[in-house]
Amino acid sequence: MTDASMQENPEATPHPVSLTAPNERTRKRAKAERRFRAYGIAAVATGLFFLVVLFTSILSEGIPAFTRTVVSVEFTLTEQQREESEAELFKTKAYSNLFISALKTELDERGLNVEINEDAIERLLGKVGGTIRTFYSENPGKLGEPVEFDLAASSRVDGYFKGRVSRDTMQDSRFLEKSDLDLVDALKEAGVIKQAFNWPFITGADSGVDNPGGAGIGASVVGSFFMMLVVLGLSLPIGVAASIYLEEFAPQNRFTDLIEVNISNLAAVPSIVFGILGLAVFIQFMHLPQSAPLVGGLVLTLMTLPTIIISTRASLKAVPPSIRDAALGVGASKMQAVFHHVLPLAAPGILTGTIIGLAQALGETAPLLLIGMVGFVARGYPDGFLAGFTEPNSAMPAQIYTWASRADAAFYEKAWGGIIILLVFLLTMNIIAIILRRRFERRW
Amino acid sequence: MSFVKLSASALAIAAVSATAAVARDNVQVAGSSTVLPYASIVAELFGDNTDFPTPVVESGGSSAGLKRFCEGVGENTIDVANASRAIREKEIKACAENGVTDIMEVRIGYDGIVFASQQSGPAFTAFQPADIYNAIGAKVIKDGALVDNSFNSWAEFNGDLPDVEIAMFIPGTKHGTREVFEDKVLLAGCETTGAMEAMIKGGLSEDDAEDACLDVRTDGKSVDIDGDYTETLARIDTNPNGIGVFGLAFYENNTDKLKVATMGGIEPSTETIASGQYPVSRPLFFYVKKAHIGVIPGLKEYAQFFVADEIAGGSSPLANYGLVADPELAKTQDAIANEVTMGSDS
C-alpha cells in the first residue's frame, strides 16, 4: 500500500533527506531503544532492591543470634553432691538446683540492693543442668574445686538484653516477671550477667523447645557435610560417566533421544517427589536407617544428577571438535581422545556445574522432610567418620525450618542466624566455582 | 583422574556404611505438631539424663504420624506416634492389617485450645461457641431461617463483639487440634444456635446434621492453616481483625503479641483446664509399639521417663512449658511398667 502511494505522487514528499538530521522514524526507533534500556535498568534496580531488602532483613534479624547472654559465676560441686544428683531420675534438675542455691548464696554475700529469691534466679537462668552435668562427666578431676561457669540465661532475659523483650510490653508470666528485670539490671551492674559471643550456637546441636540457650547449628552443619559427601561421591562419577557416554559414544537414535528428554524432565521434577521415592525405596525397601545423612545424600543425589549431567554435556560440547580430530588423527583411540584431551578441557565446566548442583542440594529441605531429617534431631556429633553417614542427624535448612516453627521468639532469631551460616556456605561454594572457572577455563 | 579415584572411594565408603548400619540404637518418634514441643523437651532431657542416645522426634500431624506408625513392625518403622487425639478405630484396624497389634496408649496430659487476637487489635475478649459457629459455620440461623452464612461482621450476630470483619484462622484438617475444635466449639455452637435443630427439621438425619455442623464457610472468612502455630501467628500479626486458634503453651510463650479471649466466660489457664472449667481442651497421647520394646534400646525407658512425676507432673519442665498435668499420671506410669496394651485392660 505505501509503496503504491509513493509511486503515485513522488513530488508530494519533500526530498531534502539529510543523513545527519534524524527523521521521524529514526527518532522513533531511538526512543524505543531508550525506553527498552530504561525497562532493563528498572528490572535490574528492582532485583537489586529486593536483594538489599533481603540481606538487610537477614542480617538485622540474624546477627543477634551470634551473641548470647550468660550468667558467669564460680561454682563448686562436691563429690557427694554429684553422687546424690546422679542417683536421681532427673539428674540435670538436681545439678541445676545446686547451682541455683549456690548462686543465691553468692549473691546474698555480695549484698546487692535487690530482693533475691531462688524462684527468680530459676527464671533468669536457662536450662543449665545439662551443661553442668556434661562438664563434670568430662572433667571429674574438677570436683571439689571452684570452676568458672558461663551458663546461658533464659530466653527472655536474653531478649531483654537484645531489645526483644521490653519492660513496657512484657507481661508477668511464669517465665519472667517484671520484678525480675530489677534483679537482671543489678546483676548486669555487678558483672554477673553479661553478653558474650555465642559459641554454643556455632558448635552445638539442637535443643528442646524450652532451652533456646542450648541450641546450636554445628551438628546439622556436620549432617549437611556428610550428605554433600554422599552427593559428591555418587552424582559426580555417575553424572560424568553418563554424559561422556551420551555425548561421545552413544549412537544417535530414538532411544538416546528418549533418555535425553527424560534427563531434562528429571531436572524439572519437584524435589519433594524425590523424598517420597527415597522413603519408599531407601527406607522401606532397602531398610536403610531413618533420619540418616546417607539416605538424605542418596535422595539429593537423585535430585542433583540431572543438573550435573546437563552441565557436563554442555561443557563437553563446548570443547571444539578439532581437538578430538587432532587426537584421533595422531592415532589415539576414541577413549584416549576423550580422557586425555576432551575431559581435561571440560573439567572446569564440569566442576562448576557440580558445585552449583551441590549448592542447590545444600539448601534443599523438602525431600528431607519425608526421610526423617526434619524435626527434633539432637543426637549431636557423630561418633566417627562412618557413623556420620548413618547416625541420625539433621541438615542446615531442615534445622532452620524447625527453629522457625517454634513458639519461643528466641528460636526465630536463631533461624535467621542459621540462614546467615547457610548463606556463608553457599557463597563460599559459589565463589569456589567462579574461581575454578576463571582459572582453568579455556576459550577458543 | 584423581577425582575418579576420590569418588570411587567415597562410593565404597557409602556402600560399606550402608551395610554396617542395620541396628538402630535410638528411639524414632513422629506425629502431632502439638505434642512435638513436649516430646522435644523430653527427648533432650532423656539424652541428657540417661545413657541412651537422644531420640529423634519428627513432626507432621497426628494423622500422618499414626499412619506411619501403622506401616508395620521393624527397625525401618517408627516406634512411637505422638497424637493430639485418641487413635481411631479405623487406624487400629489399619495397624492390625500391617501386623501392628500390641499398641500401648500413653496419655501425657492435657492441652487447652485458645482463641487469641493481635494485642493491639479490637477487643475480642469474650466468646461463646455460638459466636465462633455463627462466624464460620457453613449454614447458620439468620432471621429465624437456616441460610448460607453471609455474616460479614461479628457485631451482626452478637452486639457485644466488635463491628469488624470476620477473619478466622483455624487448624487444617490434618491437625488433631481440628477435631477438638470441631467437637467442642463448632458442634456446641451449632447446637446452641439452633442450626442443628433446623437441619434435622430440614430432613437431615442426626448423623448427617452433625457432619453438616462441622462444615465451615468457604468464602475466605475462615482460613485453614495447615502449618504450625507460627504460621497462624504470622497471619494474626498482619491482620488486626484476625482471630487465631492456638495451643495454650504457644499462647503463653507469646503473651506480648497475643491477647486471649475467654470461652464460655472462662479464661484459659492450666488451672481452669485441669479443673475442666475451660471447655476447649483435649488430652495428648503417644502410642508405643510393644513389639519394639526390647528391640529398640531405650524405648520403654523413654516412655517411662516421659510420664515420670519429675518430667510431666505438677511443677515439671512440661508443666512449666504449658502442659496441663494429668491427675491420673500414676495409673499411666503403672500401665507402662506392666506394658499394658490397648484392649487388654478392658
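Predicted model: local features only at pLDDT ≥ 70, side-chain atom pairs only at ≥ 80, totals over all residues.

User: OK. How many bridges join E4 of chain B to E10(B), and do they run parallel or antiparallel?
Analyst: Five bridges join them, and the two strands run antiparallel. E4 of chain B covers residues 103-118. Within that pairing, B:Ser117 stands opposite B:Ile243 in E10(B).

User: Which sense does E8 of chain B take when pairing with E10(B)?
Analyst: Parallel, over two bridges; E8 of chain B is residues 168-171. There, B:Phe169 stands opposite B:Gly244 in E10(B).

User: Why is strand E10 of chain B described as largely enclosed?
Analyst: Because five of the five residues in that strand, 243-247, are buried.

User: Which residues point which way from E10(B)?
Analyst: B:Ile243, B:Val245 and B:Gly247 point one way, B:Gly244 and B:Phe246 the other, and all are buried. In a regular strand, side chains alternate between the two faces of the sheet.

User: Zooming out, what does chain B have in terms of helices and strands?
Analyst: Chain B has 15 helices and 13 strands. Its C-alpha trace spans about 75 × 60 × 45 Å along the principal axes, and buried residues make up 50% of its 346 residues.

User: Switching to chain A, what domains is it divided into?
Analyst: Domain 1 (24-63), domain 2 (66-197) and domain 3 (218-440). The centres of domain 1 and domain 2 of chain A, taken over C-alpha atoms, are separated by 52 Å.

Terms used:
Residues numbered from 1 in each chain as written. Chains lettered and ligands numbered in written order. Buried ≥ 20, exposed ≤ 12 C-beta atoms within 10 Å, placed from the backbone. Helix = DSSP H or I, 4+ residues; strand = E, 2+ residues; numbered from the N terminus. Pairing = 2+ DSSP bridges. Domains from an automatic or database assignment.
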